Amino acid sequence: MSDISKNKASTEVKEPETINETETLVNEIEESFTFLQKAADNFDNRYISKVFRDLGRLRRKISQNPECLKIIINKTYPSEHPNKLYLVDTIGTPTTNDDKMDIDESINSNDVVLPEIDLYIHLLVQIYLLDQEELKKLDAFNDKVINLMQTFNRRSLDFIQAKIWFYISRTKELTKDYYSIRPSLLLSLRTATLRHDSETTASIITLLLRNYLLSHDINQATNLIEKTEFPENAGNALYARYYYYLAKINAIQLDYSLAHEYVLAAIRKTPQTHLANGFIQSATKLSIIIELLMGDIPELKVFKNNAGNFEPYFMVTKAVKLGDLKFFSEVLKKYESYFVKDDNFTLVSRLGQNVIKTGIRIISLSYSKISLKDICIKLHLDSEELTEYIVSKAIRDGVIEASINHEHGYMKSKELLDIYSTKLPQGEFDQRIKFCLSLHNDSVKSMRYPSDNNKLDSNKNNLESKEEEIDLLKAIEEGDLDDFMD
C-alpha cells in the first residue's frame with residue numbers, strides 16, 4: 001500500500017509540472033505573436049527576424065510538448081475558421097488528462113486572423129511534423145500551405161514564406177521526390193520577382209539550384225543562373241549558400257578558377273555561429289578538392305583548424321602530393337562511401353589525372369634524363385605508349401619543361417627557368433588585388449547611412465537636449481533646482 005501511495009503522489013506532482021510547462025510554452029508562442037503584430041503594423045521585418053532567432057529553442061520545446069500547438073490553434077482561430085479544422089486534424093489529438101488545460105473551446109471571437117500569425121502557426125506545424133518524421137502527412141499538409149500562401153500579397157510575409165518554402169523543399173528532398181516540386185517553385189519564383197520580394201526570391205533560387213544538383217541536372221541549373229539575378233540585399237546566409245552552389249556547378253563544368261573564387265566567397269559570407277559548422281565543413285571540403293584540381297596543394301592548417309572528419313580529404317591530398325597513382329586508387333576505394341555521402345565522389349575521381357601530372361613533375365625535377373619505361377614503372381601505368389602520351393600531354397599543357405626522344409624512348413628535362421620571368425607572379429598578384437577589391441565593395445555595401453528622416457529626428461533631439469541644458473543652467477542660477485528636478 002505504501003508503494004501505491006508513493007506512485008500516486010509522484011503522478012500528482014508531475015501533472016502540475018506538465019501543465020506549467022505547457023502554459024509557459026503557450027505564452028512564449030503568444031509573445032512571438034506580438035512581434036508579428038508589430039511587423040505587420042510597422043512594415044518592419046526586423047521583428048520577424050527576432051522571432052526566427054528564438055525558433056530553434058521553441059522547436060525543441062514543441063517536439064517535447066506537442067499539445068501546446070493545439071492549444072494555440074484553439075485560442076487563435078475562431079470555431080468556424082476554415083484553417084482550424086485541418087490544422088487540428090494534422091496535429092492529431094494529444095494525450096491529455098482531465099486536469100490539463102481546456103483546449104476544446106475557441107477563445108478568439110474575431111473571424112479574421114492576422115496573415116502573419118496564420119502562416120507562422122502553419123510553419124510551427126511544419127516543423128513539428130518534420131521532427132516527428134511524419135513525411136507523408138507533412139507532404140499533404142504542404143499542398144494546403146502552398147494554396148494558402150498564394151492568397152496573400154503582403155511584404156511583411158516575405159521572411160515567413162521564404163522559411164516555409166525551405167521546409168517544403170526539404171520534405172521533397174527527404175522523400176526523394178525532386179521533380180514534383182519544381183513547377184511550384186518556379187511559379188513562386190516568378191511571383192516573388194514580380195512583387196520585388198527579395199527574400200523569397202533568393203531563397204527559392206538556392207532551393208532550385210540544390211534541387212537541380214541533387215538530381216544531377218547541371219544544364220537546368222546553368223540556365224537558371226543565366227536567366228535570373230540574385231537579389232543584392234539578400235542575407236549573408238542565402239548568399240553563402242548561393243555561392244556554394246555556383247562553386248559546385250562551375251567545378252563540375254571544369255571551370256576550376258571561377259569555382260575557387262565562389263567557394264572562398266561562400267566561406268567568407270557564412271555567419272560565424274555554431275549553427276553554420278556543417279556548412280563550413282562542406283564548403284571547406286569542396287575548396288580542398290577544387291585546389292587539388294587546380295594543381296595546388298592545400299595547407300596543413302586547413303585540415304587541423306576545422307572540426308569534422310577530414311581524414312579522407314587529407315589522404316587524397318597526400319596521394320596527389322606524392323604523385324602515387326596506386327596509393328590514390330587505394331584511398332579512393334577505402335573512402336568511397338565518405339565521398340559519395342558528401343556528393344564529391346565525381347570531383348575526387350577526376351584527381352587521378354592530377355596524381356599522374358604531379359608524379360611526372362616530381363620525376364622531371366629529380367631526373368634530367370629518364371626512360372619512358374622507368375616512368376611507366378614508377379607511376380604504375382599500363383604501357384609505355386600510354387606513358388608517352390601522358391608525358392607529351394603534360395609537356396603541351398605546361399606542367400613540365402621537357403622534351404621526348406621518340407627514337408631512344410626517354411624524356412629529357414630542360415633547365416629550370418626563373419619563376420619571375422614567367423606570368424605566375426603576375427597572376428597571383430592579380431588574384432590578391434581582386435580579393436581586396438571585392439572585400440572593399442562588400443564593406444561599402446554593408447555600411448548603413450541614416451536617412452533624411454533620421455537626420456531630422458536627431459537634430460530635433462539635439463535641440464531638445466540643448467534647451468534642457470539651458471533650462472537647467474537657469475534653474476541653478478535662480479536657485480530653483482529642486483523645482484526643476486521635480
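**View 1. The two faces of helix H17.** The face of H17 turned away from its buried side carries Lys-333 and Lys-334, both exposed (over 50% relative accessible area, where buried means under 20%, with a 1.4 Å probe and protein chains only). This is a predicted model, in which local features need pLDDT of at least 70 and side-chain atom pairs count only at pLDDT 80 or more, whereas totals for chains, interfaces and linings use all residues. Residues are numbered from 1 along each chain as its sequence is written, and side-chain values use heavy atoms, with hydrogens and water left out. The buried residues of H17, which spans residues 325-334, are Leu-325, Phe-327, Phe-328, Val-331 and Leu-332. They cover an arc of only 155° around the axis and therefore lie on the same side of H17, the arc being that of the directions from the helix axis to the C-beta atoms. These buried residues pack against helices H16 (311-322), H18 (336-341), H19 (345-349), H20 (351-366) and H21 (372-379), where contact means heavy atoms within 4.5 Å.

**View 2. The packing of helices H9 and H10.** H9 (residues 182-194) and H10 (residues 198-214) pack at an angle of about 155°, with their axes 9 Å apart; axes are lines fitted to C-alpha atoms, for helices over the stretch in contact, and angles run from 0 to 180 degrees between N-to-C directions. Among the residues making the contact are Leu-185, Leu-186 and Leu-189 of H9 and Ile-204, Ile-205 and Leu-208 of H10. By class, the contact of H9 with H10 has 9 nonpolar, 5 polar and 1 charged residues (Ala, Val, Leu, Ile, Met, Phe, Trp, Tyr, Cys and Pro count as nonpolar, Asp, Glu, Lys and Arg as charged, and the others, Gly among them, as polar).

**View 3. The packing of helices H11 and H12.** H11 (residues 218-227) and H12 (residues 236-252) pack at an angle of about 125°, with their axes 11 Å apart, and the two helices are therefore oblique to each other. Ile-218, Ala-221, Thr-222 and Ile-225 in H11 meet Tyr-242, Leu-246, Ile-249 and Ile-252 in H12. The residues of this contact divide into 7 nonpolar, 1 polar and no charged.

**View 4. The surroundings of His-122.** His-122 is found in helix H6 (residues 115-131) and is buried, with a relative accessible area of 0%. Leaving aside neighbours within four places in sequence, His-122 is in contact with Tyr-77, Asn-83, Tyr-86, Leu-87, Phe-141, Val-145 and Leu-148.

Conventions: Helix = DSSP H or I, 4+ residues; strand = E, 2+ residues; numbered from the N terminus. Parallel < 35°, antiparallel > 145°, perpendicular 65-115°, else oblique.
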